[in-house]
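Q: Could you give a close account of one part of this structure, namely the salt bridges and the elements they join? Please set them in the context of the surrounding fold.

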Amino acid sequence: MKLAVISDVHANLEALEAVLADVDAQGVRGIACLGDFVGYGASPNECIDRLTPRIEQAVVGNHDVAALGRIRLGDFNNDAATAARWTGQQLTAAHRAWLERLPYQASWRGAHIVHASPLAPEEWHYVLSAVDAEEEMRAYDEPLCFIGHSHFPGTFGDDGHGAQYTRAPEVRVLEGHRYLVNVPSVGQPRDGDPRAGWLLWDQEACVLTQRRMAYDVESAMRRIREAGLPAFLADRLQWGE
């Protein structure tokens, strides 16, 4: 069975539409989302509308809880904080209630899903090294854990002798190994590749594949500017940074 893991949509409707079209083209049978439905981008309600009928499981991200007013914005940079406040004002009551119900972590089809860190899901840590990954792998029992948050895709794999990291776009899932997988960002890539991304999990073939696709970046940038959000939030989309 083919499954999709998406993350960090960040209210970028144009990127989301491109990803969902590719998800459909790949014959995916189930979708999970790792949070940050909103923040930065100018289409929070539209993105939630598109996703809620389609996803099987989801967890909440730090920009989601920021828009809900559940965390202090002092740890956000000024542009991110401005976008969080704007998003909080834009969200419909129904979408706000839906985000409020999302858990911080969950099990889904034999995998563990969390936005940032399985060891401390409410503290929004980044998992950036093999040492970090080995510690995080102690926090879940499943062989696979999918995370987002850093917007920097890659895979930590542990064969019982320590975690190793790869940025390879395709990884074979081996029996007896454990994995911590940072999936590509849908709406705001930061790895130098401005294309939207998602992760294809082919359970039958035991392969994880990073999928990337071009989308209408100019339209997404224009929406941000027309909403009165900080210009940098629009500009960075074209750089993938």
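A: The side chains of Arg50 and Glu17 form a salt bridge, with N and O 2.9 Å apart; the term denotes a side-chain nitrogen of Lys or Arg within 4 Å of a carboxyl oxygen of Asp or Glu. This pair connects distant parts of the chain, since Arg50 belongs to helix 2 and Glu17 to helix 1, 33 residues apart. Helices here are DSSP runs of H or I with at least four residues, strands are runs of E with at least two, and both are numbered from the N terminus. Arg50 is partly exposed at 29% relative accessibility, and Glu17 is partly exposed at 33%. The class covers values between the limits for buried (under 20% relative accessible area) and exposed (over 50%), computed with a 1.4 Å probe on protein chains only.

The model is a predicted one, in which local features need pLDDT of at least 70, side-chain atom pairs count only at pLDDT 80 or more, and totals for chains, interfaces and linings use all residues. Residues are numbered from 1 along each chain as its sequence is written, and side-chain values use heavy atoms, with hydrogens and water left out.

Arg54 has a relative accessible area of 27% and is partly exposed; Asp24 is partly exposed at 47%.

A search of the whole structure finds ten salt bridges.

Six strands make an open sheet of mixed pairing, in the order 3-2-1-11-12-9. The edges are taken by strand 3 (57–58) and strand 9 (170–172), each of which has a single partner strand, so one side of each has no neighbour in the sheet. Two strands count as paired if DSSP finds at least two bridges between them. Strands of a sheet pair through backbone hydrogen bonds, in either a parallel or an antiparallel manner. Strand 1 (residues 2–6) and strand 11 run antiparallel and are joined by four bridges. Within strand 11, Leu200 stands opposite Ala4. Helix 1 (residues 13–25) packs on this sheet and touches strand 1, strand 2, strand 11 and strand 12; its direction makes about 25° with that of strand 11. Contact requires heavy atoms within 4.5 Å, and the angle, on a scale from 0 to 180 degrees, is taken between N-to-C directions of lines fitted to C-alpha atoms, for helices over the stretch in contact.

The largest nonpolar core contains 54 residues, and Phe37 and Trp198 have the most contacts inside it. Helix 1 makes the greatest contribution to this core, with seven residues. A separate second core has 19 residues, among them Trp108, Leu144, Val173 and Leu208. Such a core is a set of buried Ala, Val, Leu, Ile, Met, Phe, Trp, Tyr and Cys residues joined through side-chain atoms within 4.5 Å.

Ser43 is buried, its relative accessible area being 0%. Apart from its neighbours within four places in sequence, Ser43 is in contact with Ala11, Leu13 and Arg223. Cys206 lies in the loop between strand 11 (196–202) and strand 12 (207–213). Although Cys206 is not a glycine, its phi is positive, at about 60°. Cys206 is partly exposed, with a relative accessible area of 32%.
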